Amino acid sequence: MTDTHAHLDFLEPEELKEAQAHLPELRAVLTLGVDPARWERTLALAQGNVYAAVGLHPTSAHLLSPEVEEALRHYARHPRVRAIGETGLDYYWTPETGPAQYRALDFQAALAEALGLPLVLHVRSRDGKAEEDLSEWLLQNRPKKAVLHAFSGHPALERAGLETGAYFSFAGPLTYKKNGALREAARRLPREKLLVETDTPFLPPEPFRGQRNRPHYVRHTLFRLAESLGVSFEEAEALTDRNAEGLFRWSL
Ligand SMILES: [Zn+2]
């Protein structure tokens, strides 16, 4: 199993210990450091089968400055870094920083392109506006390797992702009873573009709703994905491991 999106640095020491004890169950984990104060810590956690991404979350986009750009360029070259992000558009928490979010997104997209790394995209809004805007951005910018993290099933985003060859990463919500439409989306998307993730410590899958997530809980999301695709757990595991390996190139 591969958890393509976790925030190990958000875990309390006891939680981290427990999460680390379960790491041997996983092929790889990508842990994302989402603001300048978290990059060092994230890289320190990227050992063994844990790899790192560094970036500026859209809710921290207002922090972008020439100094922060320079620091991000520096950390992005660390040998354990396998992706840039997460970046994107968030009008749910920080609707007022739209222009800064676009600047941070463009900067990180250019950095990912220059380094040949995947770009991890976050999107959230109350009314679907951020999803529509990000879809448009995708179609205009066409990043070579992009991941739609915690894919929600938004139709415009699905179309833009398909047209630009993005990867679709499914998190805990895939397991929620009411999300039949999301499981339908997983069924019709190209299999070679499917990934699974936890977004640890957020978005826990059933049966852990209301609790804090862990990378090894990705098993539950993978189980539902297998069921949706009509394949065995082992086949879904091999598929998503292979897709993640091809994109993030763990063994490089
Ligand atoms: Zn995240």
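Which residues have the most contacts inside the largest nonpolar core? Select Leu30, Ala53 and Ile84, which hold that position in a core of 72 residues; a nonpolar core here is a set of buried Ala, Val, Leu, Ile, Met, Phe, Trp, Tyr and Cys residues joined through C-beta atoms within 7 Å. A residue is buried if 20 or more other C-beta atoms, placed from the backbone, lie within 10 Å of its own, exposed if 12 or fewer, and partly exposed in between.

The model is a predicted one, in which local features need pLDDT of at least 70 and side-chain atom pairs count only at pLDDT 80 or more, while totals for chains, interfaces and linings use all residues. Residues are numbered from 1 along each chain as its sequence is written.

Next, colour helix H4 (residues 98–115), the source of the largest share of the core, six residues; helices (H or I, at least four residues) and strands (E, at least two) are DSSP runs, numbered from the N terminus. Then return to Ala53, whose contacts (C-beta atoms, placed from the backbone, within 7 Å) include Leu30, Ile84 and Val120, leaving out residues up to four places away in sequence.

Now select His5, His7, Glu86 and Asp199, where an unreviewed UniProt entry places the feature "binding site"; such annotations may be inferred rather than shown by experiment. Although these residues are spread over 195 residues of sequence, they cluster in space, with a largest C-alpha distance of 11.1 Å.

Within this group, Glu86 is found in strand S4 (residues 81–90) and counts as buried because it has 27 C-beta neighbours inside 10 Å. Neighbours within four places in sequence aside, Glu86 is in contact with residues including His57, His122 and His149. Asp199, by contrast, lies in the loop between strand S8 (194–196) and helix H8 (218–229), yet Asp199 also counts as buried, because it has 24 C-beta neighbours inside 10 Å. Among the residues that Asp199 touches, not counting those up to four places away in sequence, are His5 and Asn213.

Finally, move to strand S7 (residues 167–170), where Tyr167 and Ser169 on one side and Phe168 and Phe170 on the other are all buried. Strand S6 (residues 146–148) runs parallel to S7 and is joined to it by two bridges (strands pair if DSSP finds at least two bridges between them), with Leu148 opposite Phe168. S7 and S8 pair in the parallel sense over three bridges, and here Ser169 stands opposite Leu195.

Methods
Two residues are in contact if their C-beta atoms, placed from the backbone, lie within 7 Å.
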